[in-house]
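Thanks for sending this one over.

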Amino acid sequence: MQSLHRIILLVAAAVSLLLAAGTYLLFSGFGDHMMQKAAFAQGRIVSSLTFSNMFQLMSQGWNREQVVNFTRGATDALAGSPLRIEFHRAEAVNRDYGEVAQPAPDTALADALRTGRAKEIVLPGGGRYIQPLVASETCLGCHPRARKGEMLGAITVEAKYDKFIDDTRKLLMIILLVMTPVPFLAAMAVVIYLDRRMQRFVGQIDAAMLASGSAAPDFSGVDPHCAELDTVLDRFKRLAGRGG
Ligand code: HEC
């Protein structure tokens, strides 16, 4: 025979576990997705800020050493933060100012330099944002051998928030560990409460039957304070009425 208590407890346990697993999965998926969105938003801001600074410097007519100092300064400023910034100097700048040593562009960067469109690359726990720098009319005064619309370079901003995600995940685990048993404990309390009610009801029935001896028992003193047990009591009363 199935005990009602066991069913209640089993359902509560299943719901607790499902909720915990669901919350965890939801967070894992959403967390990564949100961090990626944040990474791209930040990449957009940082690259345009960086370029406007760079443009200020350029407008004052800078040389290679200043370029190097600027890029180093920008990179150092972000050291220890989840952001990393990289500069790429395109072929069109080399024509006027000479080549510099730099790593060959990877596929994503090459793609951005070819299309002239900003690129967003999803990374685990973050993202990479590539902002190509297109030559406009303003640029040609100092980059005379570049053509309008040609790429002069690109700024890449990489943001990785794995550490934040890991920290948040740990916190979530703790919260879930504390919260998961709550529905189960609540069900347990209900079970204990119902059990008491039931015991009391059975006790009152027993007492009424004992008090009546061999006569029809009088259940009028029994009050279970519970609609379900009231229906049962009603049957007892009818049964007693039939006998007596
Ligand atoms: C007032 C002059 C001036 C103007 C205007 C100018 N630049 Fe430059 N830019 C320079 C000089 C000078 C250098 C190279 C310095 C060197 O390497 O010796 C340079 C270098 C660059 C570089 C390479 C930086 C690196 O990392 O080596 C990029 C990219 C660039 N310019 C983009 C642009 C764009 C885009 C515009 C227009 C929106 C522009 N520049 C307008 C002067 C200018």
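Predicted model: local features only at pLDDT ≥ 70, side-chain atom pairs only at ≥ 80, totals over all residues.

1. Just after α7, G213 takes a positive phi of about 60°.

2. Helix α2 (residues 64-77) passes the same kind of check: its 14 residues should span 20 Å at 1.5 Å a residue, and the end C-alpha atoms are 20 Å apart. The number of buried residues in α2 is zero, so this helix lies largely in the open.

3. On the overall layout, the domain assignment of the chain gives domain 1 as 28-167 and domain 2 as 180-243. The C-alpha centres of domain 1 and domain 2 lie 77 Å apart.

4. Next, the ligand. There are 24 residues around the ligand, and R64, R89, C139, C142 and G153 come nearest. By class, this shell has 13 nonpolar, nine polar and two charged residues. At least two shell residues come from each of α1 (4-59), α2, β1 (83-89), α3 (91-97), α5 (137-140) and β4 (151-160).

5. Now to the largest nonpolar core, which has 23 residues; A90, A92, L113, M151, L152, A154 and I155 touch the most other members. Elements that each supply at least two residues of this core are α1, β1, α3, α4 (107-115), β3 (126-134) and β4. The largest share, six residues, comes from β4. As background, nonpolar side chains in soluble globular proteins tend to be buried together.

6. M151 lies in strand β4. Is M151 buried or exposed? M151 counts as buried because 20 other C-beta atoms lie within 10 Å, and the cut-off for buried is 20 or more. Leaving out residues up to four places away in sequence, M151 touches A90, A92, L113, G116, P132, L133 and V134. The C-alpha atoms of M151 and V93 are separated by 8.7 Å, though these residues are 58 apart along the chain.

7. Finally, which residues does A92 touch, not counting those up to four places away in sequence? The contacts of A92 are A135, H143, A146, E150, M151 and L152. Two of these partners, M151 and L152, are named with A92 among the core residues that touch the most other members.

Notes:
Residues numbered from 1 in each chain as written. Helix = DSSP H or I, 4+ residues; strand = E, 2+ residues; numbered from the N terminus. Expected span 1.5 Å × (residues − 1). Buried ≥ 20, exposed ≤ 12 C-beta atoms within 10 Å, placed from the backbone. Near = placed C-beta within 6 Å. Nonpolar A, V, L, I, M, F, W, Y, C, P; charged D, E, K, R; others polar. Domains from an automatic or database assignment. Core = buried A, V, L, I, M, F, W, Y, C linked by C-beta atoms within 7 Å. Contact = placed C-beta atoms within 7 Å.
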